[in-house]
Amino acid sequence: MVSSRGAAAGEGPAGPGRAPRQPLPADMSCFPARGLVAAVRGRRGFSVCESCALRRFSIQPAQQKKIPNRYLGQPSPFTHPHLLKPGEVTPGLSQVEYALRRHKLMSLIQKEAHGWGGLDHTVILLSNPMYYMTNDIPYVFHQDTNFLYLCGFQEPDSILVLQSIPGKALPSHKSILFVPRRDPSRELWDGPRSGTDGAIALTGVDEAYTIEEFRHLVAKLKGESNIVWYDSAKPVHTELHSDYMQPLAEIKARNKNHIQGVRHLVQNLRLIKSPAEIERMKIAGRVTAEAFIETMFASKSPVDEAFLYAKFEFECRARGADILAYPPVVAGGNRSNTLHYVKNNQLIKDGELVLLDGGCESSCYVSDITRTWPVNGRFTKPQAELYQAVLDIQKSCLSLCSPGMSLENIYSLMLSLIGQKLKELGILKSSITDSHFFKAVRKYCPHHVGHYLGMDVHDTPDISRSLPLQPGMVITIEPGIYVPEDDASAPERFRGIGVRIEDDVVITEGAPLILSADCPKEVYHIEQICGRSS
C-alpha cells in the first residue's frame, strides 16, 4: 500500500461486574515483583533467538501459571492447541519474547532518564476500545499495536502498566494488566473474558487487576517523585483517557519532565524484528502470494472488481489469515491511476489491466503486496513496455536493500530510474532540463518508494525514512508509473495505464530476504498463470 512522499468514539470500560471484588492495596509499590530482573546489555533492538536472549540478558521468566481450563478472551494453548504451543501468548510468540520487549523498553527509559535523579518511572499504555458499526453491533475488535506489542493481550478496555521497583535500578520493573472483570451477563452477549487469572496465566505479566482498580494507582502517581510515560496528546482510548489519565496528565504537566511520551520508544523497538516476528511475516507473505496466484487464475474478461476483491479475501482467509491487512485496491483500467482507489465496484473490460494492492494479517503481522496483470491473460505491447519498465526499476531498487542504505536513498534512485525509463518510452522529452526533471517524474509517480512494515501496514510511522537500514528491518519496495487517460502530453498508447509492483523485504547482513518472492511478477509467469485452463 503506497504511502506519501511526506511523513507518513469508543466504548468505555465495563461497569461493575458480578465476580468477587479483588481489593488492591493503596500502596502498589509493596507488591512483590515476580518478573524480570536484569540489566540489558547489547545493541538496542538486536534480534536474537529466545535461548540466546535468556543468556544475553540473564532473564528468567516468572514461574508460568496454569492456563484456566476455560475459554478466555482470546485463543490460549488450552482452547486452541492447533494455534498456540504451551507458553505462547500469540501464535509463534512466547511469554519470554513479550517479557524481553518490556525489558528493552525499560532499558530505553533508563537511558532517556539518565541524570534525572532518584525518581520512580511508570509506563502506561491503553488498549483500543470496542468500536460500533451501529447501535450495539460491534466491528470486529482490533487491538492497538503498541499495547499488543508489549503484552499480547487482545481484549478492549484494558491498561498495561510497567512500573519501576523502589530500591532497584531500571530496567528492573513489574508488569501489571488492568482488565475487564468477569461478568456473566456481558459474556453471554460478547463472549468470554480472560479475567485477572487468565490475563496473568496467558501473558506472563506479574500482576493483574480489574480495570476499576486502576484509580488506586492513579492516586499514587500524582506525587512529585513519579515520572509517567504516557502519550497524552493522542490517547488511544478516549474514555479511559478522560476518566483516568487526563486529570493525571494535567497534574504531571505542571512539573517539567514529569510526563513523557512513550510511543517513539516503542516504535524504535518495533522497527527491528526478532526471528520469531520474521517467521510470522514469512507466513503472511506466503499466504498472500498464494492468494494472488489464485486471483490471477480466476481473472477473466470482463470481470467485476468486486469479484476479484472477494476472491482475494477468500483465498487469504482460507489459508489461515485472520483478516485483510487493509481495504485492498482492486483497480481496473484508468482507475489504477487513483493510488488509494478502494471502491472496487466497476467492471474491468477485455484488454485492461488490473492493479491489486492487498495484504493479509496473520497472527498480528501483515503483508503488503501489489501486482498488475491483464485480466484477459495477455499484455498488449504498450502494457508490456510500461510493465517491464516498472519491473526493471523495482529490481534495481531491491538490489539496494542492504544495511547502511535508507528508504530515502532508494527513493532518490527510483526517481532517477523512472525518469530514464520515461524518456526511453517517450513519455518525457529527452530535452527536459535538470531543474524540471524530478518534478516531471513525480507527476508520473507521486508516492514514495516504500515504507516500514510489521504489525501495521504503514508501521512505525514516526520513524524517519532517512534512517539507515539495519538487519531485522522490514520494508516495502513499490515503484509505479501512472499515466492518466486524460494526459495529452503522453503518447496515446500509454494513456490510461497504471502499473505498480510491490514486494516485502527483510534487511539482512547479506542479500535481502523477499517475503513475497512466491508471488509471480515476470511477464511470462503472469501470462502463464492467467492463461491456465480450469
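**View 1. Helices H2 and H8 are oblique to each other.** This is a predicted model, so keep in mind that local features need pLDDT of at least 70, side-chain atom pairs count only at pLDDT 80 or more, and totals for chains, interfaces and linings use all residues. Residues are numbered from 1 along each chain as its sequence is written, and side-chain values use heavy atoms, with hydrogens and water left out. Helix H2 covers residues 95-112 and helix H8 covers residues 263-271. Their axes come within 10 Å and cross at roughly 125 degrees (axes are lines fitted to C-alpha atoms, for helices over the stretch in contact, with angles from 0 to 180 degrees between N-to-C directions). Under 35 degrees would be roughly parallel, over 145 roughly antiparallel, 65 to 115 roughly perpendicular, and the rest is oblique. Two packed helices are described by the angle and the distance between their axes.

**View 2. Here is the whole protein, with 14 helices and 23 strands.** Helices (H or I, at least four residues) and strands (E, at least two) are DSSP runs, numbered from the N terminus. The protein has 534 residues, and 54% of them count as buried (under 20% relative accessible area; exposed is over 50% and partly exposed is in between, with a 1.4 Å probe and protein chains only). Its accessible surface comes to about 22400 Å², and carbon and sulfur atoms own 53% of that (Shrake-Rupley method, 1.4 Å probe, with only the protein chains shown counting as cover for residues).

**View 3. Four residues make a nonpolar patch on the surface.** Meet Tyr 131, Met 133, Ile 137 and Tyr 139, which together have about 410 Å² of accessible area. Patch members have over 30% relative accessible area and no salt bridge; like charges are joined within 9 Å, and nonpolar side chains (Val, Leu, Ile, Met, Phe, Trp, Tyr) within 5 Å. Look for Ile 137 in strand E5, residues 137-138. Ile 137 has 43% relative accessibility, so it counts as partly exposed.

**View 4. Lys 282 and Glu 279 form a salt bridge.** That term means a side-chain nitrogen of Lys or Arg within 4 Å of a carboxyl oxygen of Asp or Glu, and the count for this protein comes to 24. Here the closest N and O atoms are 3.1 Å apart. Both partners sit in helix H9 (residues 275-297), and because they are three residues apart, about one helical turn separates them. Lys 282 is partly exposed at 34% relative accessible area, and Glu 279 is partly exposed at 40%.

**View 5. Glu 305 reaches Arg 335 in another salt bridge.** The closest N and O atoms are 2.6 Å apart. Glu 305 is in helix H10 (residues 305-318) and Arg 335 is in the loop between strands E13 (329-332) and E14 (347-348), so this pair ties together parts 30 residues apart in sequence. With 0% relative accessibility, Glu 305 counts as buried.

**View 6. Glu 527 and Arg 378 meet through their side chains.** Their salt bridge is 2.9 Å from N to O. Glu 527 belongs to helix H14 (residues 523-530) and Arg 378 to the loop between strand E18 (369-374) and helix H11 (381-398), so the pair ties together parts 149 residues apart in sequence. Glu 527 counts as buried at 15% relative accessibility, while Arg 378 counts as exposed at 53%.

View 7. Most residues other than glycine have a negative phi, and most peptide bonds are trans. The bond from Leu 170 to Pro 171 is cis, with omega near 15 degrees, and Pro 171 lies in the loop between strands E6 (159-164) and E7 (173-179). Ser 301 to Pro 302 is also a cis bond, with omega near -5 degrees; find Pro 302 in the loop between H9 and strand E11 (303-304).

**View 8. Ser 363 and Thr 460 bring us to positive phi values.** Ser 363 isn't a glycine, yet its phi is about 55 degrees. Ser 363 sits in the loop between strands E16 (360-362) and E17 (365-366), and is buried at 10% relative accessible area. Thr 460 has a phi near 40 degrees and belongs to the loop between helix H13 (434-444) and strand E19 (474-477). Thr 460 is buried too, with a relative accessible area of 2%.
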